[in-house]
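Here is a friendly walk through one protein structure. Take a moment to look at the chain before reading on.

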Amino acid sequence: MEKRAKREAERAEVERVEHATKAAVSQMASRTNSVTGWETNLSKGERFRFEPILTVELERLWLQQRPILFIGSIKDIATRDQSQYVVLVERSLFSSFDYMFGTELQLSLLSNKDRVDSFLKEHPDLFKDFGFKNGVAVVAQINSIRTTYVSGEEGEREEVKIGDGELIDLLYTGDVRF
């Protein structure tokens, strides 16, 4: 009985955190008037899209007056200059089970160092647990899109589309799935 009550309490806490996180992301998107439905448009109504994503498709969705909401994880942080970092955010496999793409999507975002440093200080375990709890939601103004290629697991050439822009807002989402 005790074990079951403990499991139920843990599950209720997980659901509470998930609900609060999703509400916070929704509020952030609303507050910044960001574009949130771009994944739906890019997927063409399918859960899985394996054909390549064309740059022009992302241009139509990302290069707008409004910023975009991007759910993913921080892949890297590099110093740009004395006051700015470049934050690389990737759309991770765990960020969305609703839509999966054959083309990898990333954002390379300029951000004030103070913002990123305080975020990392608030979340010191961000890169622990093999990346299973390192989810973030970012709002970004995208200025351009470029394509690069990386070697896949079996040596094949994989395409990566990268949106370059500025970080407007950042929120830790942990292991919450969107």
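The report below goes from the whole fold to a few single residues.

This is a predicted model, in which local features need pLDDT of at least 70 and side-chain atom pairs count only at pLDDT 80 or more, while totals for chains, interfaces and linings use all residues. Residues are numbered from 1 along each chain as its sequence is written, and side-chain values use heavy atoms, with hydrogens and water left out.

Let us begin with the fold. The protein has 4 helices and 7 strands, in the order α-α-β-α-β-β-β-β-α-β-β from the N terminus. Helices (H or I, at least four residues) and strands (E, at least two) are DSSP runs. The C-alpha atoms fill a box of roughly 55 × 40 × 35 Å along the principal axes. Of the 178 residues, 39% count as buried; buried means under 20% relative accessible area, exposed over 50%, and partly exposed in between (1.4 Å probe, protein chains only).

Now for two residues with a backbone angle to look up. Most residues other than glycine have a negative phi. Asn33, however, has a positive phi near 55°, and Lys44 has a positive phi near 55° too. Asn33 sits in the loop between helix H1 (2-32) and helix H2 (38-43), whereas Lys44 lies in the loop between H2 and strand E1 (48-49).

| Residue | Relative accessible area | Class |
|---|---|---|
| Asn33 | 46% | partly exposed |
| Lys44 | 52% | exposed |
| Glu158 | 31% | partly exposed |

Finally, Glu158 belongs to strand E7 (residues 157-174).
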